[in-house]
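Trainee: Before I use any of these labels, I would like to see each one set against its definition. Can we go through them in turn?

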Amino acid sequence: MTDTKKTKVLIIGSGPAGYTAAVYAARANLKPIQALGLQPGGQLTITTDVENYPGFAEVIQGPWLMEQMRAQAEHVGAEMIEDMIDKVDFSSRPFKCWTDGGDLIEAETVIISTGAQARWLGLESEEKFRGYGVSGCATCDGFFYKGKKVMVVGGGNTAVEEAIYLTNFAEEVILVHRRDSLRAEKIAQERLFKNQKIRIIWDSAIDEIMGTDSPKSVNKVRLMNVKTNEMQYIDVDGVFIAIGHTPMSDLFKGQINLDEEGYILVKNGATGTNIEGVFAAGDVQDKVFRQAVTAAGQGCMAALEVERFLHNS
């Protein structure tokens, strides 16, 4: 038997954006319902050391931070649902959203905080060392590679920007690209080519990431030349995968406006979408910063906008 719930605000997804939205909405006495999704806590649940989230002098663990955010949201009155939303109808208010279990939630407003996923190479060794020398975010983890040698994989703007950023810490940055030219903007390429700390290995792809088990860490990469199949081994301390991100927005196609990459379009300086009463916060709409602290800030903004919207409607 399916249930129907009614709420002033439904938050779809968790992570820093969703949990912060839940805290602010609950404190505004909106009694939010939050559908946590497949991976409660989002990308931070697979992030080990977090050193750039304000308020913590010592390094903290990503999963612990997400547990604390969830506990805070529950403490102030948010209702959590251990389920995912797999169908929505934003054609009229109240908006209708169905859970994977078949229950219906009718919501006066919706905050989407489903996040984005880094694209990975799909190697077993990449999975093994993720968080232990393999990263998808130079801004998050570059600090840990002071004076070390790192590798960046990719050829677009993200890869070039991350390679340049990593030269602030690393002694040497190796950019590996499977083609013989980059896709990044010309001005970014010029900056890259001028940087003496960066060298490029063309026409190559990672075949395997290698390292030690105790302690778990990366120390070597096996590269394959895609034209000759020749293998070479490169000693590195870390590998940054920079082949892009995929916003988790498929559920909303045809319901709200998305850009060509699938990111939800929001109003400048705000979180409202083209549908009045539907808001988006965090990495599902932010392709530029993609940080836990900016996602949390957008979650706060979305909840405040929801409160104002409900007051005026």
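Mentor: Start with Arg-70, Glu-74 and Glu-82, which are linked in a network of salt bridges. This is a predicted model, in which local features need pLDDT of at least 70 and side-chain atom pairs count only at pLDDT 80 or more, while totals for chains, interfaces and linings use all residues. Residues are numbered from 1 along each chain as its sequence is written, and side-chain values use heavy atoms, with hydrogens and water left out.

Trainee: What makes a contact between Glu-106 and Lys-6 a salt bridge?

Mentor: The term requires a side-chain nitrogen of Lys or Arg within 4 Å of a carboxyl oxygen of Asp or Glu. For Glu-106 and Lys-6 the N to O distance is 2.5 Å, so the pair meets the definition. The structure holds 18 salt bridges.

Trainee: Which parts of the chain does the pair of Glu-106 and Lys-6 tie together?

Mentor: Glu-106 is in strand β8 (residues 104-112) and Lys-6 in strand β1 (residues 4-12), so the pair ties together parts 100 residues apart in sequence. Strands here are DSSP runs of E with at least two residues, helices are runs of H or I with at least four, and both are numbered from the N terminus.

Trainee: Why is Glu-106 called buried, and what is Lys-6 called?

Mentor: Buried means under 20% relative accessible area, exposed over 50%, and partly exposed in between, with a 1.4 Å probe and protein chains only. Glu-106 has 15% and therefore counts as buried. Lys-6 has 64%, so the label is exposed.

Trainee: How do you know that β1 and β8 pair?

Mentor: Two strands pair if DSSP finds at least two bridges between them. β1 and β8 have eight bridges, in the parallel sense, and Lys-6 stands opposite Glu-106 in β8.

Trainee: Which other strands are joined to β8?

Mentor: Strand β7 (residues 95-99) is joined to β8 by four bridges and runs antiparallel to it. Cys-97 stands opposite Ile-105 in β8. β7 and β8 form a hairpin with four residues between them, and Gly-102 in the turn has a positive phi of about 100 degrees. Strand β19 (residues 278-280) runs parallel to β8, with three bridges; here Ile-111 stands opposite Phe-279 in β19.

Trainee: Why is β8 described as largely enclosed?

Mentor: Eight of its nine residues are buried, so the rest of the structure largely encloses β8.

Trainee: What makes Ala-302 buried, and which residues are in contact with it?

Mentor: Ala-302, in helix α7, has a relative accessible area of 0%, so it is buried. Contact means heavy atoms within 4.5 Å. Leaving aside neighbours within four places in sequence, Ala-302 is in contact with Ile-111, Thr-271, Phe-279 and Ala-281.

Trainee: How is the packing of α1 and α7 described?

Mentor: Two packed helices are described by the angle and the distance between their axes. For α1 (residues 15-27) and α7 (residues 292-312) the angle is about 35 degrees and the axes are 7 Å apart. Axes are lines fitted to C-alpha atoms, for helices over the stretch in contact, and angles run from 0 to 180 degrees between N-to-C directions. The contact includes Tyr-24 in α1 and Leu-304 in α7.
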